[in-house]
Every structure is written in C-alpha cells, then in structure tokens.
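Subject: Handover of a structure

Hello,

I am passing on the structure below, together with notes on what was found in it. Please keep it open while you read.

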Amino acid sequence: SSTHGFLAVDSAAGAGNTTGQVYYANFRYRSGPNARPDDMPAPIDNVVPGLIRRWQVSEALGDDDASRRAAATDWTGARWTLLPVERHGVANLARAATRAGPKRFAIARFDVAADRATTKMLRLGYSDIARVYVNGALLYRGDNSQYSRDPGFLGIVGLHETLAVPLRAGANAIAFVVEENSGGWGAEAQFVDPKGLASSAFDAAP
C-alpha cells in the first residue's frame, strides 16, 4: 500500500463548463482516521409527512420494456430492490440499477391505498428524465437534465414540481420510469396531504 501521496483540487474548462469556474465550500483535509470533526453538525433526516421513504426499484431496463411494464403494472420477471431513501429524501437509484448501453431506464415504484376515491397532490423530483404512471396511466413526463431548461440549470433533484394524482379507493400503483443519461439517477416524492392514505412506503427502513 502507498505510504505517501498528494491531494489536488482543480477545475478546467470543458464542453459542459466553458469557464472552468467552480466553487468549493466547507472543504477540509487532514491525515489520520476518517472521522467527523467535532464542530460538524450531525446529519438531519428528511422526515416530512407523506414522504415516500422506501421504493421498489427495478434493474436497468430498455425503454420499451420499462414503458410496457409501467403501463401494464407488470412487475414480473424483473429483479427488484427495496430501496430506502437517503437522509435528504432522495432514492439513489444507482444503489439498485446500473446503466448498461440502451438499458438506461429503471422503474421506481410504490403502492398506496386510499380510503376513498380522491385526488392528491404529489410533489416530485427526479434525475435525469422521468415519466410518471398511476395505475398504468401516463400522467407526466419531465426533463430535469443539467442545462435542459436554461444554460445555468443544474438539474438538482428536489421536490420542485407537483402533480395532481387521481387515486381510486383501495390499492393504487405509482411508477416512475427514470432515464439516466449522465451523472447518476434518482427519484423523490411526497404527498402534500397524506390523510386517508396508507402505504409501507411511508415507513422508514427497518
């Protein structure tokens, strides 16, 4: 093993960053065992009501296969991973699916039961591109890729958009078909008013 080395922090202009300008904040370095500095705040879990905290995530799929499955609510014959969200509430799909050639789509899904037929507002976030299906019906498509909306758009995942979701009484299947093009993929969702809804997806990972 190496007993010495060096640390470099650098930035260079390129196709996606023509100025080479980068900002660093709260950067620290020290030798020795990796431990949290005494003055570093403890991480805070995002525990807002109605947050989807556990997703079922498929392996990487082709576009046609992912779209067909989401439209048919057909989850058979694919490998699924029960994926808890990170502390900030985002499901890091790279923990469950690895993009490979044209297989750059994954389904992130959850079930929710409603005590009556109703429409609920669902806040959502994703990276890079997503389609949202509710009980097999395509209700939304969006592109959150970096630079997709303006030259300074970063494509950060967050609960920045809201969708009116029609739910039937009883069980409902909600599926995000997420496309990954560069930089990783993720999904996030939160019901604004979860009253009358029940789902194991609301529960923290055991």
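The notes go from the chain as a whole to its helix, its strands and its surface.

This is a predicted model, in which local features need pLDDT of at least 70 and side-chain atom pairs count only at pLDDT 80 or more, while totals for chains, interfaces and linings use all residues. Residues are numbered from 1 along each chain as its sequence is written, and side-chain values use heavy atoms, with hydrogens and water left out.

The chain as a whole

The chain has one helix and eleven strands. Helices (H or I, at least four residues) and strands (E, at least two) are DSSP runs, numbered from the N terminus. Read from the N terminus, the order of elements is β-α-β-β-β-β-β-β-β-β-β-β.

Of the 206 residues in the chain, 39% are buried. Buried means under 20% relative accessible area, exposed over 50%, and partly exposed in between, with a 1.4 Å probe and protein chains only. The accessible surface of the chain is about 12,000 Å², and carbon and sulfur atoms account for 52% of it. These areas come from the Shrake-Rupley method with a 1.4 Å probe; for residues, only the protein chains shown count as cover.

A contact is a pair of heavy atoms within 4.5 Å. Among contacts between residues at least 6 apart in sequence, 78% join residues at least 24 apart.

The helix and what covers it

Which residues of helix 1 are buried? In this helix (residues 63–72) they are Ala66, Ser67, Arg69 and Ala70. Seen down the helix axis, these buried residues fall within an arc of 165°, so they line one face of helix 1. The arc is taken from the directions between the helix axis and the C-beta atoms. As background, an α-helix has 3.6 residues a turn, so residues three or four places apart point the same way.

The cover over the buried residues of helix 1 includes strand 4 (105–114), strand 6 (129–134) and strand 9 (170–179). Just after helix 1, Thr73 has a positive phi of about 45°.

The strands

Two strands pair if DSSP finds at least two bridges between them. Strand 9 is mostly covered, with eight of its ten residues buried. Ten bridges join strand 4 to strand 9 in the antiparallel sense, and Ala113 stands opposite Ala171 in strand 9. Strand 6 is also antiparallel to strand 9, over six bridges; there Val132 has Phe176 of strand 9 as its bridge partner.

There is also an open sheet of four strands, in the order 3-10-5-8, with antiparallel pairing. Strand 3 (91–92) and strand 8 (161–167) are at its edges with a single partner strand each, so one side of each has no neighbour in the sheet. Strand 3 and strand 10 (residues 186–191) run antiparallel and are joined by two bridges. Ala91 has Ala187 in strand 10 as its bridge partner.

The surface

Leu7, Val9, Val22, Tyr24, Phe27 and Tyr29 form a nonpolar surface patch, with about 650 Å² of accessible area together. Patches are made of residues with over 30% relative accessible area and no salt bridge, with like charges joined within 9 Å and nonpolar side chains (Val, Leu, Ile, Met, Phe, Trp, Tyr) within 5 Å. A salt bridge is a side-chain nitrogen of Lys or Arg within 4 Å of a carboxyl oxygen of Asp or Glu.

Phe27 lies in the segment before strand 1 (54–58) and counts as exposed at 52% relative accessibility. Asn26 is also in the segment before strand 1, and is exposed with a relative accessible area of 79%. Asn26 and Met40 are 14 residues apart in sequence, and their C-alpha atoms are 9.9 Å apart in space.

Regards
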